[in-house]
Amino acid sequence: MANILSGKTTQTLDKNGHEIKSVGFQRFGFDSEVALDTLRSLYLRSHYVVSASESQVQELDAKEEEGHGYLTQGPNAYQSKSIFHPDTQSISYTTLSRFAPVKLLPASSRKRVLVTGGAGFVGSHLVDRLMLLGHEVTVLDNFFTGSKTTVSHWVGHPNFELVRHDVVEPFMIECDQIYHLACPASPPHYQFNAVKTIKTSFMGTLNMLGLAKRTKARFLISSTSEVYGDPEVHPQPEDYWGHVNPIGPRACYDEGKRVAETLTYGFHHQDGVDVRVARIFNTYGPRMNPHDGRVVSNFIVQALRGEDMTVYGDGKQTRSFQYIHDLIDGLIALMNSDESRPVNIGNGDEFTIGEFAELVREIVEKVQAEDGIKPERRVQIVYKPIPTDDPQKRRPDTTRAKNSLGWQPRWSVRMGLEEMVRYYKAQMSEGSI
């Protein structure tokens, strides 16, 4: 990571202290390695440039570089050239931006990949990786929680297609791989319409499995640690059946994902569909919706705004957090491996929510100090009543992922948080949040 303007340089180090220069790997006959700087250029730069007087432009450019450029070393040529008019609060979009360079693959190596929910938080990062690797990607999304802006930098690319579609309705396409991520995943969103959430989990999965059966595509479903409910076994291995309240406020999501797994293995055993099941644990990173009620985004946004940070309960409940790039590595490894059993993909580093709040506060203060910002007062941590059925412990046993996929999380929680704090800070400075 480098601050282009001031010459300040800070390295991105993994858990073992080694510098991270790329994400992904070459494994199972599939190359998923991408330079970190190229990937960051897709989400750590602003979506537009500001139109103003020359002196103001220089000042605003400097602020933009400090916010977004701190973590990237280019390439500016691939950024949007849209112009924002602050006096009228309007924006002039352009289609004349240059796409980031993608690998030129022979037809025999190029996959046709369908990503449902591809405009969401996880989906958009997966799309970025698959596009940079040179594959043909079709994104299916109804934009209930996803946003076009997360993948807009690929619209118009010959390898990319974006389709507004609800997976509850059948969809026909030719493809080699299906990443089925479509389903609201944060409590405020999946509880907004509980029946629709269950319907998406069941009907959406049924439709995509039917498509996989017809096209003989390999199918990966993004399941969740929520299938374990409020676990009585700690950490949770894949053969733990779970402890779920079937009629609680979280049941529409928990049981929806459980029945989706049942359906997936039904197609696997009955029709021979090639399936993969990824049980995803808490994940954070750029492009997380700051208003979706998740603990990481809540803490960071509150701290950046100088508001007190809200901890629900006594702060003793634990969570484990993995960074988005580790998750994408795991999903791609699982898709291209021969492992058809469920696989936990998460980070074993466990924090109490109280400890995590203190870590976020510390990193926000560090970033503000580096950028010469002095807050009026220190953000405090306040405690409020805990929501119903909120699990007390959640931590993955990732032995299967390590043994079968050769996958382990590389990003430390601290390193990922710093990148995410800078992302949100830059978004605030350009008025996106």
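The questions and answers below concern a predicted model.

Me: Which residue has its backbone oxygen 3.1 Å from a polar atom of the side chain of Ser 320?
Reply: Leaving out residues up to four places away in sequence, Ser 320 touches several others, including Phe 281, Asn 282, Asp 349 and Arg 394. Another residue that Ser 320 touches also places its backbone oxygen 3.1 Å from a polar atom of the serine side chain, and this residue is Asn 347.

Me: How many of the 10 residues of helix 7 are buried?
Reply: Helix 7, which runs over residues 295–304, is described as mostly covered. Among its buried residues are Val 296, Phe 299, Ile 300 and Leu 304, and the buried residues of the helix pack against strand 14, strand 15, helix 9 and helix 11. Of the 10 residues in helix 7, the number that are buried is 8.

Me: What is the distance in space, C-alpha to C-alpha, between Ile 328 and His 125?
Reply: Ile 328 is found in helix 8, residues 324–336, and counts as buried because its relative accessibility is 0%. Setting aside neighbours within four places in sequence, Ile 328 is in contact with Val 122, His 125, Leu 126 and Arg 129. Although Ile 328 and His 125 are 203 residues apart in sequence, their C-alpha atoms are separated in space by 7.3 Å.

Me: Why is the pair of rings of Phe 321 and Phe 356 called stacked?
Reply: The model holds 9 aromatic pairs. In one of them the ring centres of Phe 321 and Phe 356 are 4.1 Å apart, and because their planes meet at 20 degrees, under the limit of 30 degrees, the pair is stacked. This pair links distant parts of the chain, with Phe 321 in the loop between strand 16 and strand 17 and Phe 356 in helix 9. The angle that settles the matter is 20 degrees.

Definitions and conventions. Residues numbered from 1 in each chain as written. Predicted model: local features only at pLDDT ≥ 70, side-chain atom pairs only at ≥ 80, totals over all residues. Heavy atoms only, no water. Polar contact = N/O pair within 3.5 Å; in protein donor to acceptor, adjacent residues only side chain to side chain. Contact = heavy atoms within 4.5 Å. Buried < 20%, exposed > 50% of the residue type's maximum accessible area, 1.4 Å probe, protein only. Helix = DSSP H or I, 4+ residues; strand = E, 2+ residues; numbered from the N terminus. Phe/Tyr/Trp six-rings, centres within 6.5 Å; stacked < 30°, edge-to-face > 60°.
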